[in-house]
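Thank you all for coming.

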Amino acid sequence: MGRGARVVLVGRPNVGKSVLFNQLTNSLGMVSNYPGTTVEVRTGESSNGSYQVLDTPGIFSMLPISAEEEVTLSILLERDYCLVVQVVEAKNLEKSLPFTIQLLEAGLPLILVVNMLDEGEKLGIRLNLEELERQLKVPVAGTVATGGKGLKKLKQVIEQELRKRGAGKDYLSPLVDYSPSVERSLKKIVFNMEGIYRFSKRSLGLMFLQGESRAEDLLKEGEGNNYRLLKEIREIECRDFSLLINSWRLHKVREMLKDVARVQEKESPWRHTLLNRITIHPLGGLPLLFLVLYVGLYKFVGVFGAGTLVDYLDGYIFQEWVIPHMKAVVEFLPLPGLSYLLVSPYGIFTLGLRYGLAIVLPVVSIFFLFLSLVEDSGYLPRLAMLLDRLFKMFGLNGRGVIPLVLGLGCGTMAVLSTRTLEGKREKFIAVFLLALGIPCSAQLGIILAMLAMNPAALVIWGISLLTVLGTTGYLMDKILPGEAAKFYMEIPPLRIPQPVSVIKKTLARIQWYMKEVIPLFIVVSLVMLVSSLTGLLGLLTEMVAPFLQAMGLPRHLTSVFMIGFFRRDYGAAGLYTLLQEGQLTVNQLLVGSLTLSLFLPCIAQFVMIIKEQGYAKGLVILILVILLAFLAGYLLNLLITGLPWSTGI
Ligand SMILES: Nc1nc2c(ncn2[C@@H]2O[C@H](COP(=O)(O)OP(=O)(O)OP(=O)(O)O)[C@@H](O)[C@H]2O)c(=O)[nH]1
Ligand SMILES: [Mg+2]
């Protein structure tokens, strides 16, 4: 078998591939109850170290539509592996087995895992997996991945199959005999193919007949001059091969399932049905959304996380304890410059660690907990359905809800998740809106906590942000060429989040934050320290001052904006400090919060934007976002000057 053996997990989105991956490799990968959680391939070593496992983004068929499906198809077509493990849901065999047929047609060494047997059982579905195994002629294992049921057996089967590798599996006779016209063209194509491929010629021929672009590219390369002949054969019949091929496969699957699945309809509990209806009906869904936002974001993240916890950690632990003690220690040490480095206004302790650990960490931790609960409940796909129509006005559709909500967690990850959107147009709009106006959790929490003292200001901030986002989205929809993609998303059942999974996920995210972000806090303090010592900060302040003045903001906010570019939440933490020191009026806080919410994406997000959208678009986004942020701040200042509240909070 050898450590180099590779096992690839594939299957439709949201069927439990990542849970299985975590179980097989003892790791802590992201698992959520919505389709499209995994958008990049992850590799891990099996728990006994004898093979590698690859977790892949969801894929529906060999004809990919979205970018994340393409990632998986590329793995199947190009990467070296020994075994494919297809994961399917017990309740959705009819939708999943056509892809099984495709994998078998491709001649790939396969194990089928029928997961979520528990949910199938609840719906009254009884499966005869031995019969399925007999029909498919490949091993079939049943599992409940979340509970670990069937895993021991699955591991054994994987090892068995890996041992067989190299024994030379004969190519199985075709599972489906297609319609005469398809078979006629297919035979001619296969007969004329000369190249050597990972997939069987029959399967590549079928993909070619359906016009799949990767298969076309492969054949173009592998067949050389012969490729023209293949195209001619395809064109002779002049039929919609896709429709024919899919309907014959479906017919075959239905025939198979007659002997495999028995369904005894069970009534789902009324509570479940009611909750399900409420979440997707506007009359119930919108109040529920406000409730989730109010309790989850405002009360839990804003008031508790950014208020109570930060007050304690920053106000008590850091301000009264850590920093004074640190100052005392530094005074003792005869090292020149140490006090600058550690405890001056831009010192590593006073700025870096204080912002990172005392202000931002408590807020992100609480937000990560909230996000994990929401993700695992299955609420997000329902929100996507509810907001689909509204999002269409902004050139997105319901699918855009998920990246935008994830953006509240971390904009960088959210940009990556825009891969699940279908068209380039949607992706660009979503990436733009994320860069422009989706504040990340810590920033949002701190802003909510600061404005919580003045509810009217909070409402104005919320309305202004939504207006800018809405108007920008609306204009982009009108200006950008192309049409909105259709909305299609499978809605998973509502599930009670499992405490272990929620805690694991929250901890994994906090761990990520500590690893990636805390070092950055220290770098930020050093950059700020050097800029202030060399006079660069002063120069920048002079340059930005007229703009800040036009927005009614004090000039020392320059440093807040500068810090905000490293990470948005640090910027908010800077604002928080100024507020504590009594240096801001309500108007200034409001305009500052709005401008900072709209201001540049942080560096990490910007790098990801360039990776996903290229330099040119990245630069356009950057420039437009800066302009829009300052313009919105300027307009808001004009509108609120003269409002009755006074100069303090
Ligand atoms: N009840 C039940 N839930 C499961 C089972 N396996 C996975 N889940 C849940 O199904 C959801 C999806 O699991 P994931 O592992 O993220 O699915 P995935 O196939 O990796 O999804 P994508 O990454 O979106 O393609 C999560 O909420 C899991 O907790 C199972 O056997 N039973
Ligand atoms: Mg996954």
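This is a predicted model: local features need pLDDT of at least 70, side-chain atom pairs count only at pLDDT 80 or more; totals for chains, interfaces and linings use all residues.

Residues are numbered from 1 along each chain as its sequence is written, chains are lettered from A and ligands numbered from 1 in the order in which they are written, and side-chain values use heavy atoms, with hydrogens and water left out.

Around ligand 1 there are 24 residues, the closest being Lys17, Ser18, Gly36, Thr37 and Thr38, where a residue counts if one of its heavy atoms lies within 4 Å. By class, the shell holds nine nonpolar, eleven polar and four charged residues, with Gly counted among the polar ones.

Which helices supply at least two residues each of that shell? They are helix 1 (17-25) and helix 4 (117-122), helices being DSSP runs of H or I with at least four residues, and helix 1 gives the most, with three residues.

As for polar contacts, pairs of N or O atoms within 3.5 Å, a backbone N or O atom of Val15 lies 3.0 Å from an oxygen atom of ligand 1, and a nitrogen atom of ligand 1 is 3.3 Å from a side-chain N or O atom of Thr146. Taken alone, ligand 1 exposes 660 Å², of which the protein buries 96%, by the Shrake-Rupley method with a 1.4 Å probe.

Finally, in helix 26 (residues 586-598), 13 of 13 residues are buried, meaning under 20% relative accessible area.

Terms used: Buried means under 20% relative accessible area, exposed over 50%, partly exposed in between (1.4 Å probe, protein chains only). A polar contact is a pair of N or O atoms within 3.5 Å; within protein, one must be able to donate a hydrogen and the other to accept it, and residues adjacent in sequence count only if both atoms are side-chain atoms.
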